[in-house]
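Me: Hi! Can you walk me through the charged residues in this one?
Reply: Happy to, let's have a look together.

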Amino acid sequence: MGYGAYRHDDGSPFFHPDEFDITLLARPRDIAQLTPGQVSRCIPVDIDASAELELSLPALVGDFEFDWVVATQERLLLPAARLREAVGVAGLGTEHTLLLRDKVAMKRHFSAHGIRVPEFTEISEPIQAAELLDKFGQIVVKPVHGAGSADVHIVRDQNELIGLQRQGFGSPDRYEAEEFIAGRQFHIDSVVNNGVPVAVSVSQYLDSHETFPLNGQIRSHTLDDGPDLELLLAFNRAVLGCISWFSGAAHLEAFLDDRGRPVFCELGGRPGGAGIEAAFRYRHGISLLFSSVLPQVGRNVPDASDLARTDQPATGWSMIYPPTLGRFRGYNALPQANWLLQLTTPYRPGDPVGQPRRSTDAIAVAAVCGRDSREVVDRLAEVKSEIIVSITPE
């Protein structure tokens with residue numbers, strides 16, 4: 001998201017220029033979208049080169065003095081923590097941030113505090129996961145600092161592992177292998193105050209999200225009342241209780257295994273992506289984005305009791321992938337409905353349409369509301385059927 005997304009419902013910015021002197025570090029293309037007066041100064045950076053960015057940030061900011069450093073993307077959490085330490089400002093440092101970003105460090109931490117995590121091992125090449133594969137018959141291999149489900153591999157036998165060994169890893173990041181948890185996967189999104197969730201939505205994934213097939217989608221819906229909801233709410237409280245120093249927005253990925261037991265997957269100290277922000281804001285009256293930045297400027301998260309809706313409507317979202325490859329020409333038809341909370345259409349005429357490689361490579365992102373999960377799923381299907389695009393083969 002560009003800087004313009006960090007606004008209240010009335011359109012006013014989270015960081016009003018009358019109150020804050022803002023230096024924005026961002027991609028040049030995001031800087032180009034700013035309107036005059038939004039920020040005081042801009043520093044163009046390549047945020048995708050996060051390893052180099054962590055070392056270069058102190059030099060990039062030069063002699064500017066700061067009171068706060070705010071990270072607005074998952075891949076920037078660690079660079080921001082190291083910048084705080086380099087320039088000597090308050091806020092989360094590297095030690096705590098690693099537990100929200102490094103998949104190996106976080107599993108060690110939560111396991112040591114009694115949270116069930118998949119059995120895992122850090123690896124430098126795929127073949128080192130052979131023993132874990134023999135033990136469980138199916139494993140997951142992924143980057144330690146990965147995001148957007150990029151370069152995640154489910155390995156089902158030794159032949160697939162050998163194939164991955166020949167192919168090699170897709171990034172220079174460290175990697176881990178972990179047991180595959182058979183069951184259902186969920187995301188639990190929270191506004192957190194010192195390790196205590198003050199507003200929570202529990203949602204179930206309906207689709208696999210390690211591959212992104214053409215004309216496919218990744219969907220999620222909030223859980224209706226019932227034992228699964230209560231079990232996962234309790235699990236979320238237990239996980240967040242292990243990081244009592246944390247305030248902000250949290251995105252917990254968890255499983256209920258084939259025996260209905262909760263298992264930790266990973267935890268992000270940031271808002272979830274896709275349509276989660278729009279759905280959560282509608283459901284609870286609180287912005288996860290705003291809740292994520294407030295503690296980074298020394299302020300408390302919103303008081304949920306003052307803002308929450310009384311009916312807690314069901315919500316869901318979908319990331320919809322292109323039907324074919326080629327050159328994008330336009331959106332010929334798009335849905336419109338009062339229950340459609342968000343419809344993001346990122347492609348522009350002339351854009352190349354390649355094979356999606358990350359969960360975010362969607363041709364549309366939708367968020368909807370409904371009476372219950374069944375109606376939400378039906379409405380997500382309606383949205384997908386009504387999106388008609390024109391793509392010219394190449």
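**Charges, buried and exposed**

Me: Let's start with Glu 230: what is its relative accessibility, and how does it count?
Reply: Glu 230 has 49% relative accessibility, so it counts as partly exposed. Keep in mind that this is a predicted model.

Me: Thanks. Which helix is Glu 230 found in?
Reply: Glu 230 sits in helix H8, which covers residues 227–240.

Me: And which residues gather with Glu 230 in the patch of negative charge?
Reply: On the surface, Glu 230 gathers with Asp 224, Asp 225, Asp 372, Asp 378, Glu 382 and Glu 386.

Me: Which helix gives the most to that negative patch?
Reply: That would be helix H12 (residues 373–386), with three residues in the patch.

Me: Switching to salt bridges: how many does the structure hold?
Reply: There are 23 salt bridges in the structure. One of them joins Arg 281 and Asp 9, with the closest N and O atoms 2.7 Å apart. That pair links distant parts of the chain, 272 residues apart: Arg 281 is in helix H9 (residues 276–284), while Asp 9 is in the segment before strand E1 (23–26).

Me: Nice. Are Arg 281 and Asp 9 buried or exposed?
Reply: One of each. Arg 281 has a relative accessible area of 17%, so it is buried, whereas Asp 9, at 69% relative accessibility, counts as exposed.

Me: What does Arg 116 form a salt bridge with?
Reply: Arg 116 pairs with Asp 257, and their closest N and O atoms are 2.7 Å apart. This pair also links distant parts of the chain, 141 residues apart. Arg 116 lies in the loop between helix H5 (103–112) and strand E3 (120–123), and Asp 257 belongs to strand E10 (residues 248–257).

Me: How do the two count for accessibility, Arg 116 and Asp 257?
Reply: Arg 116 is partly exposed at 32% relative accessibility; Asp 257 is buried at 7%.

Me: What about Arg 27 and Asp 30, buried or exposed?
Reply: Both Arg 27 and Asp 30 are buried. Their side chains meet in a salt bridge, at 3.6 Å from N to O.

Me: Which residues are linked in a network of salt bridges?
Reply: The network takes in Lys 103, Lys 107, Lys 142, Glu 176, Glu 178 and Glu 266.

Me: Last one: which residues of helix H3 are buried?
Reply: In H3 (residues 77–87), the buried ones are Leu 77, Leu 78, Pro 79, Ala 80, Ala 81, Leu 83 and Arg 84. Gly 88 follows H3, with a positive phi near 75 degrees.

Note on methods
Residues are numbered from 1 along each chain as its sequence is written. This is a predicted model: local features need pLDDT of at least 70, side-chain atom pairs count only at pLDDT 80 or more; totals for chains, interfaces and linings use all residues. Side-chain values use heavy atoms; hydrogens and water are left out. Buried means under 20% relative accessible area, exposed over 50%, partly exposed in between (1.4 Å probe, protein chains only). Helices (H or I, at least four residues) and strands (E, at least two) are DSSP runs, numbered from the N terminus. A salt bridge is a side-chain nitrogen of Lys or Arg within 4 Å of a carboxyl oxygen of Asp or Glu. Patches are made of residues with over 30% relative accessible area and no salt bridge: like charges are joined within 9 Å, nonpolar side chains (Val, Leu, Ile, Met, Phe, Trp, Tyr) within 5 Å. Accessible areas come from the Shrake-Rupley method with a 1.4 Å probe; for residues, only the protein chains shown count as cover. Lys and Arg count as positive and Asp and Glu as negative; His and the chain ends are not counted. The place of a charge is taken as NZ of Lys, CZ of Arg, CG of Asp or CD of Glu.
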